[in-house]
Amino acid sequence: MMNFLVKTIANAGALAVAVWLLDEITLTGDSTGKEIGTLLLVALIFGAVNALVKPVVKLLSLPLLILTLGLFTLVVNALMLLLTSWLADQLDLSFHVEGFWTAVLGGLIISVVSWALNVILPDGD
């Protein structure tokens, strides 16, 4: 349970950095508390998408991953971020990613920041 909480907080922090750095990734709210709550819900959605959908997409795109020596992973990460944005819109959360190239850059930022936060934050094991 602690590991799940740490990963969710790391995802929320990584999403917050992406929102802060990129104007085309937006998170709006009436107050700071509402924005943090929305960010945590989006982090949960992002974690679920990465746990359930991403392995299937990576398996289906394995030839492209091999052909591009793994660079196609950037496209897969962008697609997962766009799917998260679409799901957040369906759930009436105020998180939106505008465009594919913004999602590519956002996915790269989220991957790097999430990795760094997972190194810093304690492991729940």
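**View 1. The largest pocket of this predicted model has a volume of about 350 Å³.** A pocket here is an open set of points, on a 1 Å grid over the protein atoms alone, where a 1.4 Å probe fits, with protein on both sides within 12 Å along at least five of seven lines; its volume is the space filled by probe spheres set on the points, which are joined across faces, edges and corners. The model is predicted, and local features need pLDDT of at least 70, side-chain atom pairs count only at pLDDT 80 or more, while totals for chains, interfaces and linings use all residues. Residues are numbered from 1 along each chain as its sequence is written, and side-chain values use heavy atoms, with hydrogens and water left out.

**View 2. The lining of the largest pocket consists of 18 residues.** Lining residues have an atom within 4 Å of a point, and Asn11, Phe46, Gly47, Asn50 and Ser114 lie nearest the centre of the pocket. Helices H1 (2-21), H2 (32-52), H5 (72-90) and H6 (100-120) each supply at least two residues of this lining, and H2 gives the most, with six residues. Helices are DSSP runs of H or I with at least four residues, and strands are runs of E with at least two, numbered from the N terminus.

**View 3. The protein chain contains six helices and two strands.** Along the sequence, these elements follow the pattern α-β-α-α-α-α-β-α. The C-alpha atoms of the chain fill a box of roughly 45 × 35 × 25 Å, taken along the principal axes.
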